2 protein chains.
Amino acid sequence: MDFEFLKKLIVPTETKIAMIIMDGLGGLPREPGGRTELETARTPNLDALAARSSLGLTVPYGPGITVGSGPGHLAIFGYDPARYEIGRGVLEALGAGFTLGPADLAARGNFCTVDAEGRVSDRRAGRIDTESSRELIALLRTIRLDGAEVLVEIIKEHRFAFVLRGEGLEAGLSDMDPQKNGVPPNPVRALRPGAQKAALLVNRFAAEAGKLLASRRPANRILLRGFDRCPVLPVYGEIFGLKAAAIAVNGMYKGVARLAGMQVLPVDGVSLEAEFAALEKNWKDFDFFYLHVKQTDNAGESGGFDLKVRVIEEVDALLPRLMALDPDVVIVSGDHSSPAILGTHSWHPVPTLLYSAYVRPDGIGEFGERACLKGSLGQLPAKDVMPIALANARRLAKLNA
Amino acid sequence: MDFEFLKKLIVPTETKIAMIIMDGLGGLPREPGGRTELETARTPNLDALAARSSLGLTVPYGPGITVGSGPGHLAIFGYDPARYEIGRGVLEALGAGFTLGPADLAARGNFCTVDAEGRVSDRRAGRIDTESSRELIALLRTIRLDGAEVLVEIIKEHRFAFVLRGEGLEAGLSDMDPQKNGVPPNPVRALRPGAQKAALLVNRFAAEAGKLLASRRPANRILLRGFDRCPVLPVYGEIFGLKAAAIAVNGMYKGVARLAGMQVLPVDGVSLEAEFAALEKNWKDFDFFYLHVKQTDNAGESGGFDLKVRVIEEVDALLPRLMALDPDVVIVSGDHSSPAILGTHSWHPVPTLLYSAYVRPDGIGEFGERACLKGSLGQLPAKDVMPIALANARRLAKLNA
């Protein structure tokens, strides 16, 4: 849906939309003929809601395409993920908690080990522990560059986020990481004329880092890759007329929500219960709530079928707290599938439920992959969910009225 | 799906994909309330495979559009048939066994009858028998042109394939065939400036042919139409990372497969059994196999409902030989529908089965038009099948990994 088209139809009103995204929700049966994680979970509240909802399966990007969290979230937020791209470096920086401006240049950083001849001998510096990394990060923060500010933040183990902030820093840089051992790190090259200033500064930073780390083991060098600037997304307030809030624990999801113009709400802890408490606390102040459940994907990615089932059951148990707020529209979906038997993201369409007083209820008293296949939403691009939600929230005027 | 996009996600691996195309597979019930050809056929092996597969219906081109074999095959091979076109002349030439280069100009040829005033009196020369045609083709082969080589090959009865091979032969020629009796053949005109050389040569050839055939009856002239050059398709090796093989008996299908970069395997005979034997013999040497079953379409086009049923049953009986090879992904589909009660190609979506260990099995133990309608593939563009097959073969990386 073209946002310029949609914007003209938006009518302000008081209705509220809640979107619960269980990360990696879609699954696969553990054994032939068996049930998926969602089908296995005992979800009396979701099942009861399903009976009053439209069900379907969302396709985040296109047939057969497995998406990462970035494009998966953009799609369910209503953006065409083929048009709006979030580079990996940007995602990492958002995940590390940076609030990126449009002029910031972000990258993924690794500590690595180089030998006496300067050749990479371990691209991950023996997966150095997070605490040791944190100490090295403090060293990196002492580096000063003429012409730009540098921000670095630990992510986990050998990984950190890198942000160059200043004037005239364009994207279009080659990677420093050679992706194999036995060769020296590649100097960063400008792939476009405008990126020359950034290339110069990045190489200078890496050289300074090498000096500061020279006597350290195993981490005695850094590798930077995935340079990109933050995309400028049209924001929820403007395109959907929604005052939107995000409830998430992990930085990456907060970051993507912020790009969409959502206000990230404080959560008192990292539990699902704390996220639902934040929802209740802020209910009166926003029109739209995105609540992110990371634990489903963690379980799926680590092959934890039973754990994923339990997380879904935990969400189900918390659902009445949302329903008690009397939302006008509820979406329950995922950003992609992460079947535990695959232990990774997958291409499978994502079970999706859309409740409002104005859907044609499918009367299917079950929320699961095969139940959703029979639902009236059909199999639809994930980006089409938001216009349907807005319609159900009575927030879209008639075309050609 | 954009091939440039897809190419970036391709990961090399050892998995194997087999695609069985029953030409004109889709059908219609013989009588109201009855079963289609596929629903009538006893197919215990396909039914058992269906239970472990995703089912759906493929739309070769668009709603209501009936396709010929060219666009039908392009679509199920993964090409957008609206973007890549194979002219009828090219298809005929491929069908006649010509290996066309990008500079060859192909056309359909007919022998016809003209009266004493040079007006067409029978556009098909009384459907002259193939043997008589073959003798006339030998005459046509004696014609020499300055500036290009001419290749002619009998197809059947009054029909032959015509190829002009040389430098600077561009497409964009009007048809010679007036499509009605009582008027003389039209001289070929260049519809674009670049096509003038070709027009000149084609008219010269037709004039020479007229002289050579002048005393013959009923075939005393030739008509040429459907001039086109061979499209250059992005090939399977490049766009899908697949070492692909084609098993087909009829030249047209071999030709289209060759355009897609598939290696056409020798088949010892023309039976289905011989095709499956070729599959077994070459199994270890390729990643992708296209196996074409022509007999279903022959039966459908000649109105042979029962014959089409029997051909489908024959394919079903051979299916265990494919499954014994332990393929990672199996697609069973058609290039279009050819219901026997219509006796021709039709616009109806085509029953399609996709098996792998990683589909969400629909648990529908039947392969038929109405069974497929309940399947999780839904009704999808035929060109979307290949990306889903690649995903199931674990040959596509995560987007934005």
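In the predicted model, a network of salt bridges links Arg88(B), Glu92(B), Arg108(B) and Arg159(B). A search of the whole structure returned 47 salt bridges over all chains. Side chains of opposite charge can pair when their charged atoms come close. Three further pairs are described below.

In chain A, the side chains of Arg321(A) and Glu280(A) form a salt bridge, at 2.7 Å from N to O. Arg321(A) belongs to helix H12 (residues 305–323), and Glu280(A) to helix H10 (residues 272–282), so the pair ties together parts that lie 41 residues apart in sequence. Arg321(A) has a relative accessibility of 25% and therefore counts as partly exposed. Glu280(A) also counts as partly exposed, because its relative accessibility is 31%.

In chain B, Glu135(B) and Arg216(B) meet through their side chains in a salt bridge of 2.9 Å, N to O. Glu135(B) sits in helix H6 (residues 130–140). Arg216(B) sits in the loop between helix H7 (196–213) and strand S7 (221–229), so this contact ties together parts that are 81 residues apart in sequence. Glu135(B) is partly exposed, with 47% relative accessibility. For Arg216(B), the relative accessible area is 28%, so this residue is partly exposed.

A salt bridge also joins Asp297(B) to Lys294(B). The closest N and O atoms of this pair are 3.2 Å apart. Asp297(B) and Lys294(B) are both buried, because each has under 20% relative accessible area.

Key
Residues are numbered from 1 along each chain as its sequence is written. Chains are lettered from A and ligands numbered from 1 in the order in which they are written. This is a predicted model: local features need pLDDT of at least 70, side-chain atom pairs count only at pLDDT 80 or more; totals for chains, interfaces and linings use all residues. Side-chain values use heavy atoms; hydrogens and water are left out. A salt bridge is a side-chain nitrogen of Lys or Arg within 4 Å of a carboxyl oxygen of Asp or Glu. Helices (H or I, at least four residues) and strands (E, at least two) are DSSP runs, numbered from the N terminus. Buried means under 20% relative accessible area, exposed over 50%, partly exposed in between (1.4 Å probe, protein chains only).
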